[in-house]
Amino acid sequence: MERSVVHITLFGLLLALASTLPNKDDWDIYSFHINSTVTSRYATTVITSRVANRMNESKEIEFHVRIPKNAFISKFRMFIDGQVYDGVVKAKEQAQQQYTEAVSRGESAGLVSSVGRTLEEFKTSVTVAAHKKVTFELTYEELMKRTHGKYELQIHARPMQPVSDFKVDVHIHEEAGISFINVKGDLSTKALANAITKTHIDKEAWVYFYPTVNQQKMCDSCSDQGMNGDLVIVYDVNRDNGLGHIKKSDGYFVHHFAPSDLPRVPKNVVFVIDQSGSMRGRKILQTRTALFHILNDLAEDDYFGLITFDGNIFHWKRELVQANSKNLESAKNFASNIQARGSTDINQALLQGARMLNDHRREGSASILILLTDGDPTSGVTNLENIQSNVRQAIAGKFPLYCLGFGFDVNFNFLEKMSLQNNGVARRIYEDSDADLQLKGFYEEVATPLLTDVTMIYVGGTNLTQTNFSQYYNGSEIVVAGEITDNNIETFTPQVVGISSNRRIIFSNPNETVESTGTVSDDRIQRVWAYLTVKQLLDKELQLSGPEKEKVKKEALELSLKYSFVTPLTSMVVTKPPGENTDVLHKPKEGKTPQRWQPPVDQSFSRQYLAPSIHLSGSPIVGKVQRNINSFTPHSTFQGVVSIHDLQHRVMQVVHHKGEKGFSGQVMQQHASRGERGRPGPVMQQHAFRGDRGRFGSVLRQHIPRGERGDLAPVLQQHTPRGERGDLAPVVLPDVQPTVVHLSRDTTTLEAINAPVLHRFLLKAENQTVPLCFDVSGPVRLKLLHYPSRELSVNGELDSVTNGGFSRIFIHVSGSQHVEIDTNWVTVRDGQTVTNYTGQDHLTAGSVTVIVRNNEIDVATGDMRMVIIVHEKNGQKFFWPVLRQRPLDNNAEGLLAVEAAVYEEVQQAPVRKLKIKNQEADVTGEMVVDYSFASPVTMNCWLMSADSALQRPLSQFVITQL
């Protein structure tokens with residue numbers, strides 16, 4: 001196992017450029033302070049500049065601040081003539097209008113607004129009377145980003161003149177403990193070195209920078225106009241290699257996850273390099289230099305490919321090759337001969353890169369696609385939206401795309417959107433002398449994958465930020481924030497699941513105490529949640545269009561206004577409203593706190609087994625049921641299916657699940673749910689449950705409701721906890737024969753008979769940790785996907801294996817073309833041509849392409865891409881379909897097209913209830929296994945009827961023919 005020693009760094013706080021840009025004889029900056037406080041990697045920085053107008057007339061004084069794109073301004077104040085004027089964050093259009101009106105009335109006013117999505121510059125100005133003073137005070141916030149195994153707090157000072165009272169104070173407090181702290185930057189060297197004081201004591205560190213007026217003129221980047229440079233504080237925190245650090249306060253939590261003691265995951269990487277005419281000169285030379293460094297850093301178990309492009313595509317090799325010394329030398333020769341010329345065909349270059357990675361799928365490896373370009377597409381497909389759509393379809397969510405934009409001629413918004421659509425990021429490479437180091441530095445951020453398919457799970461948490469991550473890289477960090485339901489820390493259980501090489505790893509610590517900030521109210525953790533949520537909504541908004549885009553934009557705007565964040569959607573206005581003062585810190589009342597996740601009454605809850613069900617074994621319980629059976633049977637005779645909810649609800653009236661003699665190890669748990677028209681809705685299934693002393697008890701669970709004409713109708717449910725919306729995920733329950741219980745008014749026993757096999761499906765829940773789930777019985781045929789506007793449809797037939805999957809899947813492309821998949825082979829019919837396909841290779845027939853791999857079948861047709869994952873259980877194979885690329889049509893039907901559920905918990909006792917679209921449904925907590933992944937993942941879910949989960953009758957998804 002390769003072990004990586006990582007020094008952790010906080011990256012990306014403040015690039016604070018606070019400056020006034022007038023003739024220095026006009027006014028005097030007599031005080032300039034920068035104060036930065038970092039707690040739990042969240043930095044709050046206050047810049048205070050005090051300026052005196054030395055002139056005999058009024059002057060407009062400007063105040064500029066530049067901060068990194070990851071920071072949000074949250075407060076701005078001006079002090080003039082003893083009066084305080086607070087900035088107010090408003091929607092961008094409203095702020096501009098108010099600013100214009102204030103200026104037209106001759107009032108002092110300032111406007112702070114973001115510059116595009118980069119949030120690089122903020123500016124205010126105010127008219128100051130002769131011989132008067134003004135104080136500017138700006139606050140901004142940022143969650144520190146960890147890169148290259150460290151965090152960096154970067155402060156850029158440029159007051160434009162020597163300041164007698166200049167100082168920088170930095171205080172860092174990390175409950176995990178600070179492992180190291182250093183100070184660097186051009187303001188920390190030579191003449192200014194002794195102006196820095198650094199103190200580090202366990203969990204806290206302080207850095208002070210107090211240069212004299214003379215020192216402010218003597219540094220390398222200093223002059224008579226004062227300092228112009230950076231002070232960079234680099235530090236890391238102590239880490240374990242388990243669940244990471246979790247901190248909570250006032251009902252919110254933040255989780256920092258960054259294990260390092262893991263083996264590196266071998267990677268497959270393709271570099272797509274622009275060699276069009278605009279790259280000639282220094283840019284192409286720096287690209288070659290960076291490539292040489294990057295190739296030297298490849299490990300021998302990595303595979304790589306090189307593509308260069310102008311108006312044509314040039315392959316070094318058409319397939320990925322191993323990074324051995326012979327291939328690396330050949331690749332360097334290829335890179336040294338890259339010549340800038342021609343136009344720019346980004347579309348075809350990326351499609352070729354994606355093809356190379358798709359053709360080289362290695363189990364236990366991580367794939368990465370990296371694009372470097374300096375301009376817009378000028379040949380081939382040039383429509384930006386079409387390129388983005390083509391690339392998204394080609395990648396199909398299987399690996400990230402990282403786009404590097406060289407210089408300022410490139411359309412960075414285009415690259416950023418395309419990267420976000422494919423689980424990557426975009427980065428601008430500046431045309432400076434260190435451009436090759438910028439390229440190499442970015443590659444090093446993604447050079448060492450440690451985990452893939454990372455899922456952050458929080459039972460007892462809600463309103464979570466992003467919880468699914470395609471890859472985790474050494475030296476980086478995953479951060480998740482959310483609310484703790486009912487602020488009940490006892491029911492809050494975090495867990496992380498990820499893939500390391502070909503192993504699934506679970507990070508959990510049931511004995512760990514979540515760290516609290518103390519008894520004093522502290523909104524910092526809540527602001528971390530708000531910050532992350534707004535950031536991710538802005539990224540999401542960039543990818544959407546139409547009503548969905550407007551909905552996300554509105555949500556981001558509302559949060560920005562609530563937390564006074566200056567974002568691309570808001571601006572901050574500072575003015576003198578006639579006769580009134582505005583408080584920028586005023587916040588609306590919080591909404592009602594959601595109910596916490598907890599088991600039903602008197603239920604034992606564990607990660608290993610979550611099944612609120614009746615456990616029956618032995619005569620003592622049965623005797624109690626016999627004596628009271630008449631009290632809860634609604635009809636004189638009642639056979640075939642009985643709602644487990646009804647049975648449990650009534651059995652709980654007569655049997656206590658604790659301390660009853662004679663049935664240790666059995667649990668009677670309350671549960672209630674009725675079918676349509678008030679009749680008991682379906683079923684009980686028996687499963688092995690080990691009680692005390694190793695004996696097996698039984699578990700009775702709801703499964704099959706009564707359908708039309710009294711038949712047992714299958715119950716279907718769906719979920720995609722980490723895949724794309726609409727993917728189905730079956731669930732595993734214990735491998736025992738299911739049972740239906742017969743109840744008769746006059747009977748004295750509970751009689752069990754064999755019942756159909758059951759399959760559990762899940763349905764993704766929007767902004768919730770716990771998805772919904774439901775069961776389907778027997779080898780029924782289901783409509784998975786259908787587009788009425790075209791002939792495309794996908795159907796499947798469930799197998800006869802308990803908690804298995806599909807035994808057959810049909811994909812209808814057209815009347816004369818379809819694909820049939822069963823456990824023996826793949827059959828492709830194209831008109832009169834029939835091909836039975838059993839090998840592992842590509843097969844193309846008309847518009848259909850089929851790729852069979854070890855554990856998956858990849859079928860692509862037109863704008864649809866589906867992967868059928870092959871699983872095996874007890875020697876029997878079964879399938880599970882996952883939709884990787886949705887067709888562009890919005891009128892899809894079928895299980896794979898079901899939208900994610902939006903629910904809220906409305907009742908916990910005596911029966912737990914959820915509300916979905918104004919409809920309440922009874923639920924129980926269950927544990928399921930998601931088969932939509934090659935390595936199935938076990939998770940919790942809320943079990944309910946199919947009709948309730950799908951918000952429509954299950955019969956709409958049942959078909960008679962494939």
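Visitor: How many bridges join strand β26 to β28?

Guide: This is a predicted model: local features need pLDDT of at least 70, side-chain atom pairs count only at pLDDT 80 or more, and totals for chains, interfaces and linings use all residues. Residues are numbered from 1 along each chain as its sequence is written, and side-chain values use heavy atoms, with hydrogens and water left out. Strands (E, at least two residues) and helices (H or I, at least four) are DSSP runs numbered from the N terminus, and two strands pair if DSSP finds at least two bridges between them. β26 (residues 449-459) runs antiparallel to β28, and the bridges joining them number 5.

Visitor: Which strands stand at the edges of the sheet, each with a single partner strand?

Guide: The sheet is open, antiparallel and ordered β28-β26-β30-β31. One side of each edge strand has no neighbour in the sheet, because each has a single partner; the edge strands are β28 (468-473) and β31 (503-507).

Visitor: What is the bridge partner of Ile 34 in β12?

Guide: Strands β2 (residues 27-39) and β12 (residues 165-173) run parallel, joined by 9 bridges. In β12, Ile 34 is partnered by Val 168.

Visitor: Are α4 and α5 roughly parallel or roughly antiparallel to each other?

Guide: The axes of α4 (residues 346-358) and α5 (residues 384-395) come within 9 Å and cross at roughly 5 degrees. Angles under 35 degrees count as roughly parallel, over 145 as roughly antiparallel, 65 to 115 as roughly perpendicular and the rest as oblique. The two helices, α4 and α5, are therefore roughly parallel.

Visitor: How many residues of the contact of α4 with α5 are nonpolar?

Guide: Among the contact residues are Leu 350 and Leu 351 of α4, and Ile 387 and Val 391 of α5. Ala, Val, Leu, Ile, Met, Phe, Trp, Tyr, Cys and Pro count as nonpolar, Asp, Glu, Lys and Arg as charged, and the others, Gly among them, as polar. The contact has no charged residues and 3 polar ones; the nonpolar count is 7.

Visitor: Which element gives the largest share of the lining of the largest cavity?

Guide: The largest cavity has a volume of about 110 Å³. Its lining includes Phe 271, Thr 287, Leu 372 and Tyr 443. Elements giving two or more residues are β19 (267-274), α2 (282-297), β23 (366-373) and α7 (435-445). The largest share, 4 residues, comes from α2.

Visitor: How many residues lie between β54 and β55 in their hairpin?

Guide: β54 (residues 903-907) and β55 (residues 913-916) pair antiparallel over 4 bridges. Glu 905 has Leu 914 as its bridge partner in β55. The residues between the two strands of this hairpin number 5.

How values were computed: 1 Å grid on protein atoms, 1.4 Å probe; cavity = no way out; pocket = protein on both sides within 12 Å on 5 of 7 lines; lining within 4 Å. Points joined across faces, edges and corners; volume = space filled by probe spheres on them. Axes fitted to C-alpha atoms, helices over the stretch in contact; angles between N-to-C directions. Contact = heavy atoms within 4.5 Å.
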